[in-house]
Amino acid sequence: MNLLLENKINHTLSQIFTQLGLDDKYAFVKVSDRPDLSDFQCNGALALAKVAHKNPREIAAMIAAELQKCDFCESVSVDGPGFINLKLKNEVIAQNADKMTDDERLGCGMVENPHKVILDYGGPNVAKTMHVGHLRSGVIGESVRRIEKFIGNDVIGDVHLGDWGTPMGQILSEIIHQDGNLDKVTSYDIAQITDFYKKANIRCKEDEAARENARIITAKLQDGNEEYRKAWQYLRSESVKAVKENYAQLDVNFDLWWGESDAHQACQEIVKIAREKGISERDNGAEIIRLEESNKPKPPIIMVKSDGAFGYQLTDIATIKMRVDDLNAQEIVYFTDSRQTLHFEQVFEATQKLGIAPDVELQHIVFGTVNGADGKPFKTRDGGVMDLKTLIDMSKEKVRQSLPKPNEVEGYGEAEIEKLTQQIAIAAIKFQDLKNTIASGYVFELDDFAKFEGKTGPYIQYAIARINSMLRKAQANGATYADIVLQAPEERALALKLAQVHNVVMRAHTDKEPSIIAEYTHNLAQTFSTFYNACPVMNAETPQLVGSRLKLSKLTRDVLKLMLDLLGIEAPEVMLKAENKE
RNA sequence: GCGCUCUUAGCUCAGCAGGAUAGAGCAACAGCCUUCUAAGCUGUGGGUCGGGCGUUCGAAUCGCCCAGAGCGCGCCA
């Protein structure tokens with residue numbers, strides 16, 4: 001496959017560096033910080049000068065002189081303390097865009113050595129309502145799953161349901177507390193189940209005896225008590241149903257619906273391995289694994305609690321073993337908020353001590369919590385958490401107001417309008433989340449999720465819809481595509497922006513950072529809008545120019561759609577507007 | 001008490017393997033619909049990059065100190 005612009009430059013640069021006897025690790029360009037001076041810049045001379053104690057401008061001049069000879073540069077200059085600025089020939093950028101059009105991957109490469117990666121995201125719990133706090137993990141995980149798949153990795157998304165801890169005992173004990181037994185369990189719907197859970201939670205917080213009782217039931221459940229198992233099974237399946245509905249709305253998908261309970265068997269194996277390796281010990285009735293205590297002391301892993309139940313770290317360790325043994329995982333990535341940092345440090349260290357996942361890369365991607373205006377994890381005005389469904393409904397209602405009523409527009413009845421509403425509302429919600437870098441928490445502004453202007457999902461969908469409309473008209477007029485030529489600065493800027501797509505996707509992949517794609521997508525849509533405003537397409541001066549701009553627009557549309565797809569966002573064919581909308 | 005993370009424009013956030021004039025969206029203000037969807041475009045104003053010291057030719061970016069905020073610290077998950 002032909003190298004795309006930026007890679008082609010890097011490749012050439014690398015050859016030049018080697019030829020000059022310079023360390024080629026600095027042989028790369030980045031998109032210029034000074035678009036007035038250049039398309040790309042290389043800061044390598046500055047870094048090299050530092051280690052070699054030489055004049056950066058001299059080194060830069062040497063490199064620039066060689067670069068001068070290559071066939072793709074319009075101009076090469078050394079500026080400031082030693083920046084190498086290069087401007088590309090218009091034809092080179094144009095040809096690059098043409099090549100992208102011919103490629104079904106739009107110029108995006110794949111990884112050289114694909115491997116098997118398990119993504120652990122979502123993590124909803126049985127009997128707990130899904131709220132806005134669950135949004136991030138699911139939405140980010142889904143996007144990373146798509147990115148990994150696209151670049152060629154064999155990826156499995158696992159929801160890793162929270163279905164096995166003390167909360168299970170709590171809810172069972174609460175039902176028994178209220179009903180006297182578990183006979184009526186199978187008649188309860190999800191609303192009642194979550195209600196039981198809430199009450200169980202409150203009672204266990206206040207009442208020592210209730211806590212103790214829940215603990216006993218948990219242990220019995222895990223031990224295989226048939227009555228408890230049956231009731232639990234039902235609660236689990238009802239919860240999964242509700243969770244699936246929520247995720248379906250958001251278009252968040254999983255390949256596996258494993259839960260903590262599935263690791264039960266493997267937990268016992270881990271305990272055995274730990275004993276054989278002599279790394280476990282008894283402590284106050286519990287069985288533990290001690291961890292590093294000198295440099296950065298960590299509390300030990302409590303494998304088996306003094307009441308006989310397995311600790312939750314053990315469940316995660318056992319799950320790693322299963323993923324390695326049964327799924328041949330080579331990389332496992334967890335997506336949780338920052339509160340679990342220590343937990344995963346413990347789990348990873350213990351996994352290493354146990355030797356159950358040699359050569360497997362374990363990674364914990366930490367994201368900040370979704371916060372309210374007070375900087376604390378988001379709560380609604382009445383102090384509760386807002387559930388996911390409410391959020392989605394609010395966004396949908398806002399979208400509905402901006403759309404025509406069913407059958408106001410020909411071909412758009414109830415079903416079509418509903419689908420449009422769904423697509424736009426979900427785009428607004430997901431993009432609002434994905435545009436933030438993973439690591440930082442963000443403040444949840446309810447209004448932002450129903451905003452469609454500026455850096456939002458609908459803004460990008462709108463750009464796509466306009467191009468679609470243009471392409472439809474072009475087809476009706478019998479216009480055809482032609483080789484891309486770049487005359488106006490706006491079309492040059494657009495073609496140059498398009499050339500970045502491969503690197504953007506690769507960066508999003510290595511950093512596991514969908515926001516890089518979100519940022520780029522918005523930027524590309526913006527660049528297109530500027531072009532669209534400045535350069536008439538259908539009414540361009542010559543048929544050749546019409547064809548060129550048409551092709552450039554179509555390429556933009558395809559890249560935007562691909563990017564949205566990698567974010568897990570759909571692009572509707574059209575964006576309709578309500579009559580009364582200004 | 002110990003540890004981790006954060007503090008950039010009025011608001012929400014980028015930028016951080018040191019580098020040229022610190023960016024975007026929102027909000028504010030001024031323009032642009034008899035030509036391809038105005039959910040759009042163009043322009044203006046707005047910043048002691050929490051504070052201080054240091055390393056460096058050069059610091060939002062690296063180090064130390066201080067202040068403020070959040071989170072976590074063996075039987076909850």
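The legends below describe close-up views of a predicted model. Residues are numbered from 1 along each chain as its sequence is written, while chains are lettered from A and ligands numbered from 1 in the order in which they are written. Because the model is predicted, local features need pLDDT of at least 70 and side-chain atom pairs count only at pLDDT 80 or more, whereas totals for chains, interfaces and linings use all residues.

**View 1. Surface of the model near RNA strand B.** RNA strand B is surrounded by 75 residues, a residue being near if its C-beta atom, placed from the backbone, lies within 6 Å of the strand; the closest are G165, N284, K305, S440 and G454. Among the elements that each supply at least two residues are α2 (44–52), β8 (286–289) and α15 (457–477), and α15 gives the largest share, 8 residues. Helices (H or I, at least four residues) and strands (E, at least two) are DSSP runs, numbered from the N terminus.

**View 2. The open sheet β6-β5-β10-β11.** The 4 strands of this sheet pair in parallel, pairing being assigned where DSSP finds at least two bridges between two strands. β6 (154–158) and β11 (361–367) stand at the edges with a single partner strand each, so one side of each is left without a neighbour in the sheet. Strand β10 (residues 331–337) is joined to β11 by 7 bridges, and D337 has F367 as its bridge partner in β11.

**View 3. Helix α12 across the sheet strands.** Helix α12 lies across β10 and β11, running at about 175° to β11, where axes are lines fitted to C-alpha atoms, for helices over the stretch in contact (C-beta atoms, placed from the backbone, within 7 Å), and angles run from 0 to 180 degrees between N-to-C directions.

Notes:
Contact = placed C-beta atoms within 7 Å.
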